[in-house]
Amino acid sequence: MTIAPNRSEKMMFDPDLFPVLGLEAVADTRHQWTALSVQSSPKTATAAVLALLGQPETQAAFAPLDCIVPLAEPLAIDAALVTSLPADRIVLQVPAAALQDAAVRQHCAGLAEQGFRLLVEGEAGVHAPQAGIKGVAHGGSGLPSALSLLSLPGPHWAHGVADTARFAACRDAGMGWFSGPYARRRATDPKDGAGDGTTRKRLLSLLGLLAQDADSRELESVLKQDPALSYHLLKLVNSAAFGFTKPIHNFSQAINVLGRRQLQRWLQLLLYARPQQDGSPNLLLPEAARRAAQMEALCSLLGHDRDRQDLAFVVGVFALLDELLAMPMADIVAALPLDLDVVGALLDRAGPFGAMLALVEQPVPDPAAIAALGLTPEQFWQSQLQGWRWAIQVSRTI
């Protein structure tokens, strides 16, 4: 993966004012990514956020996902900026209280006429249809009123969803978009994931072989014990994303066409590919891919060689193993022959990879931490684009 921003296609930002954004995946009822929730510090101008999201490079990286942007002061968005944005890809989140102002309602209605979709944060109220509002955004406890949900076409977005029980309550109420910790916690539900002892033992064995760069025959022996993993590997290499002209029928062929480096990477990710008990995809998979790709990109930006970039990738993938396997990270690390820098990052967010991982995990990255790493906000944004682009591709390939 390389990072080569095309500055001819980008708006030039003052480095001191370049917006630092947090991005959170939003999934639908089938647990497929459908949008990104954009978060920023209170000091960041919404106009700067929208301008960055409107760049062709950004749109290409996030396609086909929409971007949900909080719009605390709708009147602050001028016509010149609006006309330069891809309206069909940006969803604006407006606080319910703002709709009490007739001027705001008129302005929002104008945005809707230009193709933007608008969500109201809170109860829709009688003014929502006049303002061109399409759906409700709701966080915290409780649920929007049935009137709010039924009076608007949606989709309605539940954010900050804590667990599977909350997800089910919001879904049953008629909400169709979801984000929050539930996306990771559902993987460790006792009824789902890879929490049983036999599966854990097999996965740890495979992880150990991958960490040691084991012989292909040893890998194949473990894979044959795991039909689900073998199925996903063959499905992957035969997908259109790889474009091989002849079908791949076995593990040996997969090694030959992928090469060992790529094989190891895909196997690390495929550990997350097991569907949940209800048959839906595991949302840990694209999140692990996102972290791995962004970690690799950060390592590249800092000038490290290919081997260090590979280790950074491993840190990103392995950082969610405790949730996948439902066991302490210390026990996982103790069972695997890992590089000491990888161990420090996974256990304590320490060492050269630990600082990167801590940043990648933050809901809204800290500009001071980005600077301490030796990067500019723009460079960090490039790593975010790299991570999300690849994660989106992975979620649609596996």
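Here is a chat about a few local features and helix pairs.

Trainee: What kind of model is this, and how are residues numbered?
Mentor: This is a predicted model: local features need pLDDT of at least 70, side-chain atom pairs count only at pLDDT 80 or more, and totals for chains, interfaces and linings use all residues. Residues are numbered from 1 along each chain as its sequence is written, and side-chain values use heavy atoms, leaving out hydrogens and water.

Trainee: Where does Ser179 lie?
Mentor: In the loop between β8 (177-178) and α7 (182-185). Helices (H or I, at least four residues) and strands (E, at least two) are DSSP runs, numbered from the N terminus.

Trainee: Is Ser179 buried or exposed?
Mentor: Ser179 is buried, with a relative accessible area of 2%. Buried means under 20% relative accessible area, exposed over 50%, and partly exposed in between, using a 1.4 Å probe and protein chains only.

Trainee: What does its side chain make a polar contact with?
Mentor: The side chain of Trp157, at 3.1 Å. A polar contact is a pair of N or O atoms within 3.5 Å; within protein, one must be able to donate a hydrogen and the other to accept it, and residues adjacent in sequence count only if both atoms are side-chain atoms.

Trainee: Which residues does Ser179 touch?
Mentor: Leaving aside residues up to four places away in sequence, Ser179 touches Glu24, Ala25, Val26, Trp157, Ala158, His159, Gly160 and Val161. Contact means heavy atoms within 4.5 Å.

Trainee: Let's switch to helices. How do α14 and α18 pack?
Mentor: Helix α14 (residues 306-318) and helix α18 (residues 351-361) pack at an angle of about 50°, with axes 10 Å apart. Axes are lines fitted to C-alpha atoms, for helices over the stretch in contact, and angles run from 0 to 180 degrees between N-to-C directions.

Trainee: What do we call that arrangement?
Mentor: α14 and α18 are oblique to each other. Angles under 35 degrees count as roughly parallel, over 145 as roughly antiparallel, 65 to 115 as roughly perpendicular and the rest as oblique.

Trainee: Is the crossing of α14 and α18 left-handed or right-handed?
Mentor: Right-handed. A crossing is left-handed if the near helix is turned anticlockwise from the far one by less than a right angle, and right-handed if clockwise.

Trainee: Which residues make the contact?
Mentor: Arg308, Leu311, Ala312 and Val315 come from α14, and Pro352, Phe353 and Leu357 come from α18. By class, that contact of α14 with α18 has 6 nonpolar, no polar and 1 charged residues. Ala, Val, Leu, Ile, Met, Phe, Trp, Tyr, Cys and Pro count as nonpolar, Asp, Glu, Lys and Arg as charged, and the others, Gly among them, as polar.

Trainee: And how do α17 and α18 cross?
Mentor: The axes of helix α17 (residues 340-348) and α18 come within 7 Å and cross at roughly 35°. That crossing of α17 and α18 is right-handed. Asp341, Val342 and Ala345 in α17 meet Pro352, Phe353, Gly354 and Leu357 in α18. Those residues divide into 5 nonpolar, 1 polar and 1 charged.

Trainee: What sits in the loop between α17 and α18?
Mentor: Arg349 is found there. Arg349 has a positive phi of about 55°, although it is not a glycine.

Trainee: Why point that out?
Mentor: Because most residues other than glycine have a negative phi.

Trainee: Is Arg349 buried or partly exposed?
Mentor: Partly exposed, with a relative accessible area of 30%.

Trainee: What about Ala326?
Mentor: Its phi is near 55°, a positive value in a residue other than glycine. Ala326 lies in the loop between α15 (321-325) and α16 (329-334). Ala326 is partly exposed, with a relative accessible area of 41%.

Trainee: Where are the cis peptide bonds you'd show me?
Mentor: One joins Ala63 and Pro64, with omega about 5°. Pro64 lies in the loop between α2 (56-62) and β3 (66-70). Another runs from Gly154 to Pro155, with omega near 5°. Pro155 lies in the loop between α5 (146-150) and β7 (157-158).

Trainee: Last topic. How many residues of α12 are buried?
Mentor: In helix α12 (residues 260-270), 8 of its 11 residues are buried. Among them are Leu263, Trp266 and Leu270.
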